[in-house]
Protein chains: 2
Amino acid sequence: MSSKRVLTDRGSAVPALAEAFREHGFEGASLTVLSKATGLGKGSLYNFFPGGKEEMMEAVLTDIDTWFETAIFSPLERATDPAAAVTSMIEEVTAYFRSGRRVCLVGCIGLNASGAAFADRIRRYFARWIAALADCLRAGGVTDPVAAQLAEEAVSGIQGAIVLARALGDEAAFLRIVQRQQSILIGGMIARG
Amino acid sequence: MSSKRVLTDRGSAVPALAEAFREHGFEGASLTVLSKATGLGKGSLYNFFPGGKEEMMEAVLTDIDTWFETAIFSPLERATDPAAAVTSMIEEVTAYFRSGRRVCLVGCIGLNASGAAFADRIRRYFARWIAALADCLRAGGVTDPVAAQLAEEAVSGIQGAIVLARALGDEAAFLRIVQRQQSILIGGMIARG
DNA sequence: GTCTATAGATCGATAGAC
DNA sequence: GTCTATCGATCTATAGAC
C-alpha cells in the first residue's frame, strides 16, 4: 500500500471524468453526466475540484500527460532499440485509443473554442510527442530534418486514424493506418541505420 | 437572377451556421451564438429551421455534402488527368480548411456523442471521399487494393493534419503534411501508371 | 418574416444537513 | 466527505406583437 487513504480521493475520480469528457466533449459533459460517470454527487465533485469543470479537465489533462510521459514519451527517448520502441509506441496507442473507439481528448478539445483555456497544454502535448518520436528516430540513424518530418507525420497520422475510424465505425481502418505509420517509421530507420 | 427572392432565405443562413458549429461544436453552439453568427433572431431561425439546432446542423451537413460532391468527389471520379485531379483536390481542401485553421465539421461531430444523430451522414461522407479518391487512383493505374489503401490513408492524413495544425497553431504543419500526402498519391500512380 | 418576451428545462455552482 | 436542495444563469423552444 503506497497510500494511507484507501478510496475516494480526488485522483480516483479522474479516469471516469476523462472518459466522460472524451465521450461528450467539454461542453457536452454536464455536471449531471460527470456525476453519473464518477458515481459522486455534485457536492463531492466540487469538494475535490473547487474550480468546477475547468479544474476537472485540468486534472484529466495532467493525468493524460503523466500517462503519456511514462508509457510513450520517455520510452521513445530512452530507447536502446529504436525500432522496438516505435513498435511499442504503436502497440501502446492502439490499446490506449482502443483501435480508434476511444478518441484523443487532447486533440478533440483543441478543435473547438471550448479548448481555448487549455491551448498551451494541448500544444505542448503534441510538441512533446513529436519531439520524443523524432529523438527516437535520430537514435535509429535518421538525419535531423527527416526525423522531425517523419515524427510529425506519424503523430498526425494517428490522430487522423482516430477521426476516420470513429467516423466509419471501423476499427480495422485504425489498425491499417497505424500499422502503415509503423512501417514508414521503421523503414525510415532501416534505410539509414 | 435564378431566384425570385433576393435575401434572407433559409439557405443564406447556412454558411454562418456552419462556421458557428465549426468553431463551437454542436453543444457549444447555443442559439444565442447561432443568432449572433447569422444576424437573425431566434424566432427567425426557428421559422427557417422548425426542428431547431438539429435541423440547422442537417442543413449545414447537406450544404457541405453538396460542396464536396461538386468540388472534390465528382472531379476525382471524372478525372482525365488523375495526377492533376489529386493536385487539385489538395489545393481545394487546403483552401477549404484554411490550412487547418478551419476544422472539418463532419470529422469533429463524429468524435463525440452529440454526433450520434448524424452518424450515417458522417460515415457516408468519409466513405464517399475515400471511394472517389480510390477511383481516381485506379484511373491513374493503381491496382485495386492499393488504391483503396492509399485513398484511406490520404483522407485520414488530411484529418490528422487538421487536428495537429489546430493543436499546434501551426498552419505550416498542415501544408507539410498534405503536400506529403499529395506526393504519396501521385508517386503511387507514377510507379504503376 | 422579423423581433421581443417568456415559458420550462437544464446548466454550473453553492449552501447546509448529516 | 457525502448527499439533497436550491440558487441564479443560461439553455432550447414557443408565443405573440408588429
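**Cysteines and the chain interface**

1. The sulfur of Cys104(A) lies 6.7 Å from the closest cysteine sulfur, that of Cys108(A), which is too far for a bond. With a disulfide taken as a pair of cysteine sulfur atoms within 2.5 Å, the count over all chains is 0. Cys136(A) is likewise in no disulfide, the nearest cysteine sulfur, in Cys104(A), being 20 Å away.

2. Cys104(A) is buried at a relative accessible area of 3%, and Cys136(A) is buried at 1% (buried means under 20% relative accessible area, exposed over 50%, partly exposed in between, with a 1.4 Å probe and protein chains only).

3. This is a predicted model, in which local features need pLDDT of at least 70 and side-chain atom pairs count only at pLDDT 80 or more, while totals for chains, interfaces and linings use all residues. Residues are numbered from 1 along each chain as its sequence is written, chains are lettered from A in the order in which they are written, and side-chain values use heavy atoms, with hydrogens and water left out.

4. Chain B and chain A each bring 37 residues to the contact (heavy atoms within 4.5 Å). The area buried between them is about 3000 Å², with 65% from carbon and sulfur atoms; buried area is the accessible area (1.4 Å probe) that two parts lose on being put together, summed over both.

5. Between chain B and chain A there are 4 salt bridges (a side-chain nitrogen of Lys or Arg within 4 Å of a carboxyl oxygen of Asp or Glu). The side chains of Glu152(A) and Arg176(B) form a salt bridge at 2.6 Å, N to O.
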